[in-house]
Amino acid sequence: MKCEQASAMFEDLFAETLGSAARIELASHLHSCDSCRQQLLGLETTLSALHQWRDQAVPEWDRSLGGEIGRNAQSKNSKQNSSWLGLDIWRWSPLAMAAVLVLAVLFNVQVSVGRDGVDISLGSSTEISRLLARQREEQREETLAMLTAAMEQMSASNRDNLQQVVQYFEQQRERDMRMLEAGYQQLLDSDYQTIRSVQQLVSYVQNEQQ
Amino acid sequence: MTATGVEEELIAAALQGSAAAWEQLVRRHESRVYNFALRLTGNPADARDLMQEVFLGMFRNLHNFRGDAQFSSWLFRIAHNKSVDMKRRQRPSLMQSLQAGHGDVGGFDSSFEGALDAGLGGREAAQAQQPEQSAISEQDNARINRMLAALPLEQRMLVELKVYQAMTFEDIAAVLDIPANTAKTRFYNALGKLKIRMEQDDEM
């Protein structure tokens, strides 16, 4: 065996993985090689020296890690105290809230407060559909009106024709006048009906007196 | 040391917020961690800081300990990470290393001996009044620290885990995240370096 091979075996020897056959072979080499024997002796002495370490006493130190442990314990205890009927409210309350919200959305739960107390009812999906349809129709009308106004404005400015604008205003005025006239007529009819009602009332009272 | 029996109960209670269980758990391991830190840093002040960081890491990661590995292996994995962090923080600037006249910029290693000597010098008066055995222990420890200072951090960790924590190379491989054969080779190389350093120390 060469010294290089013996040196390679030292690695397994210190790792305690050297087989028995290899041990015999190494021992034979060491018996005849003073250099390798000295090398092994030196390594063993080094290992022994490392084992001479004497543990030092631990100095006093803050085992609560600056109060972090105490704060953590308080936090855990407060959570435990909040347990209700064995349930950890902190853990389950978000889940419960989420479940209630899902149910409310699915079943259209309506909650109202009246004279008789709180009233909870489950609405129907047709009611929601009707409301949505009405809302959709209103939005459509508003959008159309806005678009029309915008287009009219653009058209007026582009035409740059004062005559047309005047004509437009006259038409509007005529329309307003017609509406005013109709309203006035309606008012007269209403007054006439009122007068007739009063006359009827008077004649009724007179008849009763007689 | 495995995470069974009393230790397992202490871990569970500490996780539930028991400060008393936490303190017991710390007391079971603090001597090993403090002496590890002392061998690694070479002075009591840094060793105390490192120990505190290791236990802070243990506190913050205790919920991650699954019990499928030895608790000591898990703890020394944290210790290794904290040591690397500390070494990174203590690394001096290139200018400082040039001014100090050293080619080596590994501050954790090169500053180690200076800190050690300063620490020993400060304790001379106290030593005179201590029992003889205590003085011998301190001399042995100082010698070991001088030897270990010759090694880079990774090799020092290997010696630490093999010699002082009596771990198998498989456990060391898991802690340092390297193959077991690599751990074995590095340990042998580290032992060779320590032998040379010890012979130099004896000649002085």
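The largest pocket holds about 270 Å³ of space. A pocket here is an open set of points on a 1 Å grid over the protein atoms alone, where a 1.4 Å probe fits, with protein on both sides within 12 Å along at least five of seven lines. Its volume is the space filled by probe spheres set on the points, which are joined across faces, edges and corners. This is a predicted model, in which local features need pLDDT of at least 70, side-chain atom pairs count only at pLDDT 80 or more, and totals for chains, interfaces and linings use all residues. Residues are numbered from 1 along each chain as its sequence is written, chains are lettered from A and ligands numbered from 1 in the order in which they are written, and side-chain values use heavy atoms, with hydrogens and water left out.

**The pocket lining**

Chain A supplies L13, F14, E16, E44, L47, S48 and H51 to the lining of the largest pocket, and chain B supplies K162, V163 and F187. Lining residues have an atom within 4 Å of a point. Two or more of these residues come from each of α1 (3-14) and α3 (34-50) of chain A and α9 (153-164) of chain B. The largest contribution, three residues, is from α3(A). Helices (H or I, at least four residues) and strands (E, at least two) are DSSP runs, numbered from the N terminus. By class, the lining has five nonpolar, two polar and three charged residues. Ala, Val, Leu, Ile, Met, Phe, Trp, Tyr, Cys and Pro count as nonpolar; Asp, Glu, Lys and Arg count as charged; the others, Gly among them, are polar.

**The two chains**

Chain A runs α-α-α-α-α-β-β-α-α from the N terminus. Chain B reads α-α-α-α-α-α-α-α-α-α-α along its sequence. Buried means under 20% relative accessible area, exposed over 50%, and partly exposed in between (1.4 Å probe, protein chains only). Accessible areas come from the Shrake-Rupley method with a 1.4 Å probe; for residues, only the protein chains shown count as cover.

| Chain | Helices and strands | Buried residues | Accessible surface | Carbon and sulfur share |
|---|---|---|---|---|
| A | seven helices, two strands | 13% of 210 residues | about 17,100 Å² | 56% |

Contact means heavy atoms within 4.5 Å. In chain A, 27% of the contacts with a separation of 6 or more involve residues 24 or more positions apart. In chain B, 61% of the contacts between residues at least 6 apart in sequence join residues at least 24 apart.

**Helix α9 of chain B**

α9(B) has 12 residues. From first C-alpha to last it reaches 15 Å, close to the 16 Å expected at 1.5 Å a residue. The expected span is 1.5 Å times one less than the number of residues. The helix is largely enclosed by the rest of the structure, because 11 of its 12 residues are buried. Among them are B:L153, B:M157, B:L161 and B:Y164. Just after α9(B), B:A166 takes a positive phi of about 50°.

B:F55 sits in helix α3 (residues 44-61) of chain B. Its relative accessibility is 0%, so B:F55 counts as buried. Beyond neighbours within four places in sequence, B:F55 contacts A:W61 and A:L65, along with B:W22, B:V26, B:H29, B:E30 and B:V33.

B:N141 belongs to helix α8 (residues 132-148) of chain B. At 4% relative accessibility, B:N141 is also buried. Not counting residues up to four places away in sequence, B:N141 touches A:Q52, A:W53, A:R54 and A:Q56.
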